[in-house]
Amino acid sequence: MATNINVETLKRLADEVGAETVVILLNVFSNELEQYFQKLSSQPSVNQIGEISHAIKSSAASFGADNLALMAQECEYRVRQGQDDWMIDHLPQFRQMVEGMAVEYKQLAGSNETINRML
């Protein structure tokens with residue numbers, strides 16, 4: 001569980017807001033990722049992908065989804081550079097990462113035992 005999540009980032013977050021609040025925030029983040037996944041699955045324009053990437057970038061970093069944050073940053077950069085073909089080619093990978101992290105955070109939020117062990 002949580003192999004793609006930076007545990008140190010979650011620990012810092014828990015220190016700032018408390019463990020109970022972290023669980024709530026993990027659920028909110030997971031729900032946001034599910035919404036972004038739906039948008040990414042509905043044939044978005046390249047500009048919409050750029051907007052979604054921008055939105056995901058900082059929140060993913062805040063929750064320890066480091067690989068997703070890096071991918072979102074790369075997607076946002078490529079869109080700004082007008083590299084539409086690159087973005088279209090990498091959209092399936094980005095979409096899969098968003099979906100996978102949504103599931104992973106939802107599972108984490110639902111497992112007090114795992115959260116307690118991590119924090």
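H2 and H3 cross in a left-handed manner, a term applied when the near helix is turned anticlockwise from the far one by less than a right angle. The model is a predicted one, in which local features need pLDDT of at least 70 and side-chain atom pairs count only at pLDDT 80 or more, whereas totals for chains, interfaces and linings use all residues. Residues are numbered from 1 along each chain as its sequence is written, and side-chain values use heavy atoms, with hydrogens and water left out.

The axes of H2 and helix H3 (residues 46-62) are 11 Å apart and form an angle of about 160°, so that H2 is roughly antiparallel to H3 (angles over 145 degrees). In this contact (heavy atoms within 4.5 Å), Phe 29, Leu 33, Tyr 36, Lys 39 and Leu 40 of H2 meet Ile 49, Ile 52, Ala 55, Ile 56, Ser 59 and Ala 60 of H3.

With helix H5 (residues 84-109), helix H2 (residues 19-40) makes a crossing of roughly 155°, the axes coming within 8 Å, and these two helices are therefore also roughly antiparallel. The crossing of H2 with H5 is left-handed. Residues of H2 that make the contact include Val 23, Leu 26, Phe 29 and Phe 37, and those of H5 include Leu 91, Phe 94, Val 98 and Tyr 105.

Helix H5 also contains Pro 92, which is partly exposed at a relative accessible area of 43% (the class between 20% and 50%, with a 1.4 Å probe and protein chains only). The C-alpha atom of Pro 92 is separated by 20 Å from that of Asn 31, 61 residues apart along the chain.

How values were computed: Axes fitted to C-alpha atoms, helices over the stretch in contact; angles between N-to-C directions. Helix = DSSP H or I, 4+ residues; strand = E, 2+ residues; numbered from the N terminus. Parallel < 35°, antiparallel > 145°, perpendicular 65-115°, else oblique.
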